[in-house]
Amino acid sequence: MRSALIALVLAAATILAGWWAVPIVACLGGLLLAPRAWDGARAALAAVTAWAALLAWTAATSPLAKLLHQLSSLMHLPGWVLIAVTLVFPMGLARSAWTLGREVRAIGS
């Protein structure tokens, strides 16, 4: 349940403020929520889930396949690589920012 809530907040923040909202929200989560060692991994999974849902929504409502084909031919990469990189990016941001927030909270206590 907590991961779904984090994913929902990350998706909403991304829609409202763009990709840079991911590390801000994740860092605040690490600061404010009870610290557990595996919460950084949970935040990373929530970020991937949120961005995968946003990609699926975009694919359903716009010509994402055409853009993906054009980008992949321009970059000489398979389309799945671009999607994978798109999902790895928020994963890294969320995990590192959550861990930073958790460590700052630990220093302050």
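**Entry 1: R102**

I then looked up where R102 sits, and found R102 in helix α5, residues 79-108. Helices (H or I, at least four residues) and strands (E, at least two) are DSSP runs, numbered from the N terminus. Is R102 buried or exposed? R102 counts as buried because its relative accessibility is 16%. Buried means under 20% relative accessible area, exposed means over 50%, and partly exposed lies in between (1.4 Å probe, protein chains only).

**Entry 2: what kind of model this is**

I noted that this is a predicted model, where local features need pLDDT of at least 70, side-chain atom pairs count only at pLDDT 80 or more, and totals for chains, interfaces and linings use all residues. Residues are numbered from 1 along each chain as its sequence is written, and side-chain values use heavy atoms, with hydrogens and water left out. The term pLDDT is the predictor's confidence in each residue, from 0 to 100. The mean pLDDT of the protein is 90. I also saw that 99% of its residues reach 70 or more. Which element has the lowest mean pLDDT? Among the elements, that is helix α4 (residues 64-75), at 87. Helix α2 (residues 21-32) has the highest, at 94.

**Entry 3: the whole protein**

I looked up the elements and found 5 helices and 0 strands. From the N terminus on, they run α-α-α-α-α. The C-alpha trace spans about 50 × 25 × 20 Å along its principal axes. The protein has 109 residues, and 29% of them count as buried. Next I looked up contacts, meaning heavy atoms within 4.5 Å. Among contacts between residues at least 6 apart in sequence, 81% join residues at least 24 apart.

**Entry 4: helix α3**

I checked the length of helix α3, residues 39-61. Its 23 residues should span 33 Å at 1.5 Å a residue, and its end C-alpha atoms are 33 Å apart, so the two agree. The expected span is 1.5 Å times one less than the number of residues. Which residues of α3 are buried? They are D39, G40, R42, A43, A44, A46, A47, A50, W51 and L54. The buried residues of α3 pack against α1 (2-17), α2 and α5.

I looked at two of these buried residues. D39 has a relative accessible area of 1%, so D39 is buried. Not counting residues up to four places away in sequence, D39 touches R2, A34 and W98. G40 also lies in helix α3. G40 is buried because its relative accessible area is 1%. Leaving aside neighbours within four places in sequence, G40 is in contact with R95, W98, T99 and R102. That list brings back R102, from helix α5. I also looked up G40 and A97: they are 57 residues apart in sequence, yet 8.2 Å apart in space, C-alpha to C-alpha.

P90 lies in helix α5. At 0% relative accessibility, P90 counts as buried. What does P90 touch, not counting residues up to four places away in sequence? P90 touches V22, A47 and W51. P90 and V22 are 68 residues apart in sequence and 6.7 Å apart in space, C-alpha to C-alpha.

L8 lies in helix α1. L8 is exposed because its relative accessible area is 56%. The C-alpha atoms of L8 and A47 are separated by 9.0 Å, and the two residues are 39 apart along the chain.

I looked up how α4 and α5 cross. Their axes come within 8 Å and cross at roughly 100 degrees. Axes are lines fitted to C-alpha atoms, for helices over the stretch in contact, and angles run from 0 to 180 degrees between N-to-C directions. So α4 and α5 are roughly perpendicular to each other, a label for angles of 65 to 115 degrees. L68, L71, S72 and M75 in α4 meet G79, L82 and I83 in α5.

H76 is in the loop between α4 and α5. H76 is not a glycine, yet has a positive phi of about 60 degrees. Most residues other than glycine have a negative phi. H76 is exposed, with a relative accessible area of 70%.

Definitions and conventions
Parallel < 35°, antiparallel > 145°, perpendicular 65-115°, else oblique.
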